[in-house]
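Student: Hi! Could you walk me through this structure, one topic at a time?
Tutor: Happy to, let's have a look together.

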Amino acid sequence: MCFKISVATKLYCFVHKVPVCGECICFPEHQTCVVRTYSEWVIDGEYDQPKCCQCQSTFDEGGGLQVTRLGCLHAIHTTCLVSLIKSFPPHTAPAGYICPSCSTTIWPPKMVKDAGSRLHAQLREAILLTGLEKNLFGNHPVSRSTESRSPPPAFASDALINVSSSSHTLEGKNLPDGYSVRTYSEWVIDGEYDQPKCCQCQSTFDEGGGLQVTRLGCLHAIHTSCLVSLIKSFPPHTAPAGYICPSCSTPIKVEQSFCAFLHR
């Protein structure tokens, strides 16, 4: 979690040892830092003094030259980026314009997917300075707006949807309803996720028409009405451990008296 912008992120600043995102990675304090994924930092957190990936001079030697962050996370003097792009043959395909350090395509940014991020905006503006933007952008839709916008709902700090005024807790911390929640180690291994759904009826929570949501102990979310129907679907004399999550089969751990009440 990027603490400045409050969005989910895999990126990590090796210099300041904090999570960063597509917005704060362009702030002055991180603009020239070594930034990679958190998992890369865990494996090896050592780094050399930050340099321009084109001219290889350190940024403190650049005399205050403007710096642009590429989508592969390497930093480059903006003047060096303009010269680099102009050095490619005129008929180079969009995928042929690559970072001089890692050969990753310059556009679209690979490591920051949010098209409205500050990184996208600054890189886009640097490309426009070359007059060759059509060569790089190709068929990728590009907005010329440089205004920063809020993160998309899937990465927002607020709950994805207003499904309930209540919240549930895990180890004493509030969990907003409707979020995809797993352990941090699972997120490090694979932070991708599908749109959050009720683990019983499999409808997304924005399709639920404002139905209340309950978070199970296994961290799956379920419409409260679906949970009641699920409990009722088990035989009346089911043992407590027999009431299980329909997604992962983890015991729900509901009170036996409540189950008896529902089966009356």
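**Backbone, cysteines and rings**

Tutor: This is a predicted model. Let's begin with Gln202, which sits in the loop between α5 (184-189) and β8 (213-215).

Student: What is the phi of Gln202 like?

Tutor: Gln202 is not a glycine, yet its phi is positive, at about 65°.

Student: And is Gln202 buried, partly exposed or exposed?

Tutor: Gln202 is partly exposed, as its relative accessible area is 45%.

Student: Which loop holds Leu73?

Tutor: Leu73 belongs to the loop between β4 (67-69) and β5 (75-77). Leu73, although not a glycine, has a positive phi of about 90°. With a relative accessibility of 2%, Leu73 counts as buried.

Student: Okay, prolines now. Is the peptide bond from Trp107 to Pro108 cis or trans?

Tutor: That bond, from Trp107 to Pro108, is cis, and its omega is near 0°. Pro108 is in the loop between α2 (78-87) and α3 (118-128).

Student: Switching to cysteines: how many disulfides does the structure hold?

Tutor: The number of disulfides is 0. Take Cys52: its nearest cysteine sulfur belongs to Cys55, 3.7 Å away, and Cys52 is in no disulfide.

Student: What about Cys72, where is its nearest cysteine sulfur?

Tutor: For Cys72 that sulfur is on Cys102, 3.7 Å away, and Cys72 is in no disulfide.

Student: Are Cys52 and Cys72 buried or exposed?

Tutor: Cys52 is buried, with 0% relative accessible area. Cys72 counts as buried too, at 12% relative accessibility.

Student: Let's do helices. Which residues of α6 are buried?

Tutor: In helix α6 (residues 224-233), they are Cys226, Leu227, Leu230 and Ile231. Looking down the axis of α6, these buried residues fall within an arc of 135°, so they line one face of the helix.

Student: Last one, aromatics. How many aromatic pairs are there?

Tutor: The count is 6 aromatic pairs. One of them is Tyr12 with Tyr38: the ring centres are 5.1 Å apart and the planes are at 70°, so this pair is edge-to-face.

Student: Where do Tyr12 and Tyr38 lie?

Tutor: Tyr12 is in strand β1 (residues 11-13) and Tyr38 in helix α1 (residues 38-43), so the pair ties together parts that are 26 residues apart in sequence. Tyr12 counts as buried, at 8% relative accessibility.

Student: Which residues form an aromatic cluster with Tyr12?

Tutor: Tyr38 and Trp41 form one aromatic cluster with Tyr12.

Terms used. Residues numbered from 1 in each chain as written. Predicted model: local features only at pLDDT ≥ 70, side-chain atom pairs only at ≥ 80, totals over all residues. Heavy atoms only, no water. Helix = DSSP H or I, 4+ residues; strand = E, 2+ residues; numbered from the N terminus. Buried < 20%, exposed > 50% of the residue type's maximum accessible area, 1.4 Å probe, protein only. Arc of directions from axis to C-beta. Disulfide = S-S within 2.5 Å. Phe/Tyr/Trp six-rings, centres within 6.5 Å; stacked < 30°, edge-to-face > 60°.
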